[in-house]
Amino acid sequence: MKIKLDPVTRLEGHMKIEVEVDDRREVISAKSTGNMFRGFETLLKGRDPRDAVHLTQRICGLCPVSHGIASVKALENSRNFKPEAQARLLRNLIQGGNFVADHILHFYHLTLLDYVQGPDRSPWKTSYNTDMRFSDAASKKLFDNYIKALEIRRKAHEMVALFAGKIPHVMSIMPGGVTKAPTTAEISDYKKLLAEVKQFVEGQYEEDVQKIASVYQDYFRIGEGYRNFISFGVFELEGAPEAKLLYRSGRYTNGEYMSVEPRRITEDIKYAWYTGKERAELRDDNTQPNLNKTGAYSWIKAPRYLETPHEAGPLARAWVNGDYRKGVSVMDRHVARMLETKKIANALSLWVNALSVNGQEYQSVLHTGYSQGQGVGVTEAPRGALVHYVQYQNQKIQNYQVVTPTCWNVSPKDNLDQSGPLEKALIGVKVQDVNNPIELMRIIHSYDPCTACAVHIMTPEGKIENQFVVSTPGF
Ligand code: NFE
Ligand code: MG
């Protein structure tokens, strides 16, 4: 029997999951589909390289800062440039604020209703309200924090906007540094807002994750996936960018810790709606969309590191960094995300204290001079490892490539027929009620997938049409 979740709600973008269950209602196969064609690589061709920082942020409203940072790092890498300490601090304060806002959003606004009954009306009434284990009073208390979290997210966004002009899609991160000089008043405002955000993170957020983790302990044994992790590292602390990071770069592959190099990443397209090279290197630029491809089922390609699928995200960062290695499961992902939010909030305090009103946050050397070059920019987005590649000539982009964390997590099968990490995590789970497959939803949401952006070309019925379709059933 097949179970189809289409669209999967409470995530960014449009995604479909289809699983097959056996007589015991155990998942025996899973297919994850990214239902849209992003196409940013195509629209960047011929543009001024400096535009990429702004255009690529439009890939998504949740993780724009990381796209901006990966983009400027790619340009800075192409010119062998390293920004000054003050620029790195400001970038950390902007990116870290975005992480904190996004993790709070994920837990309260995208995940909570998988475990807690909200008010019995739209938009809180979910399609699957089975296996809700909290009493009405306990549910109400948790839901109150859902509302409070909206306000806290706004405050985290205000922090970001102080040094970035606005959020989403920040204005001040540019190749060469950050074009906003902090004032004493802004530094003090950032600290005030951060104090409120931190109080919520260390109080309610931590407590609420622990509550759910203790009532749903069985979810520490559900949704393991491959147990392979990848992280490019993020938040440069001091010295050269490679010198020291709050989250180190590396991978955990088949039980061993190893280093990562972007050039070892390949993307397979056997099951993706593209024609071209079946296995592309990061900088290969020769795939074309092809909706009629037999056997294909996703717009997402399958990124692999030395042919191996890897999970990206907060648990991957924590695992690679040695911060959290208790287990790999739905609940471990939520716990790791919360612990990361705490750690980043603490680091933000140190970074904002280290800012100076006389620091050098921007150098104009990269404003011109894009005659010829190529570069790679790696960072982490809230959902995991992110890489941008740029190649330009005569101030025009010839080739731009992006591999996002959700591509790692939600990829379809690769050329070796290995499932993507989320697909793998779904296989083996027992679905209690096939009409309310809440277990699948909980596994999917633990990865915080984001399949955002660009051209929407699918109707809820599965017909392909060149039109913009908005569909929000079953929030
Ligand atoms: Ni659209 Fe993103 C993050 C990136 S998604 S949210 O985090 O890059 O994979
Ligand atoms: Mg590509």
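Below are my entries, in the order I looked things up.

**Entry 1: the model.** I'm working from a predicted model, so I keep that in mind throughout.

**Entry 2: the metals.** Which residues coordinate the nickel atom of ligand 1? I found Cys60 and Cys450, each through its SG atom, at 2.1 to 2.2 Å. I also checked the iron atom of ligand 1, and 3.2 Å separate it from the nickel atom.

**Entry 3: buried or exposed?** I looked up Cys60 and got a relative accessible area of 3%. Cys450 came out at 12%. Buried means under 20%, so Cys60 counts as buried, and so does Cys450.

**Entry 4: the surroundings.** I listed the residues around ligand 1, and among them are Leu62, Cys63, Ala381, Leu386, Thr404, Pro405 and Thr406. I then sorted the shell by type: eight residues are nonpolar, three are polar and one is charged.

**Entry 5: contacts with oxygen.** Which side chain has an N or O atom 2.9 Å from an oxygen atom of ligand 1? That turned out to be His67. An N or O atom in the backbone of Arg383 is 2.7 Å from an oxygen atom of ligand 1, and for Pro382 the backbone distance is 3.3 Å.

Note on methods: Residues numbered from 1 in each chain as written. Chains lettered and ligands numbered in written order. Predicted model: local features only at pLDDT ≥ 70, side-chain atom pairs only at ≥ 80, totals over all residues. Heavy atoms only, no water. Donors = N, O, S within 2.8 Å, 3.2 Å for Na, K, Ca; no water. Buried < 20%, exposed > 50% of the residue type's maximum accessible area, 1.4 Å probe, protein only. Near = heavy atom within 4 Å. Polar contact = N/O pair within 3.5 Å; in protein donor to acceptor, adjacent residues only side chain to side chain. Nonpolar A, V, L, I, M, F, W, Y, C, P; charged D, E, K, R; others polar.
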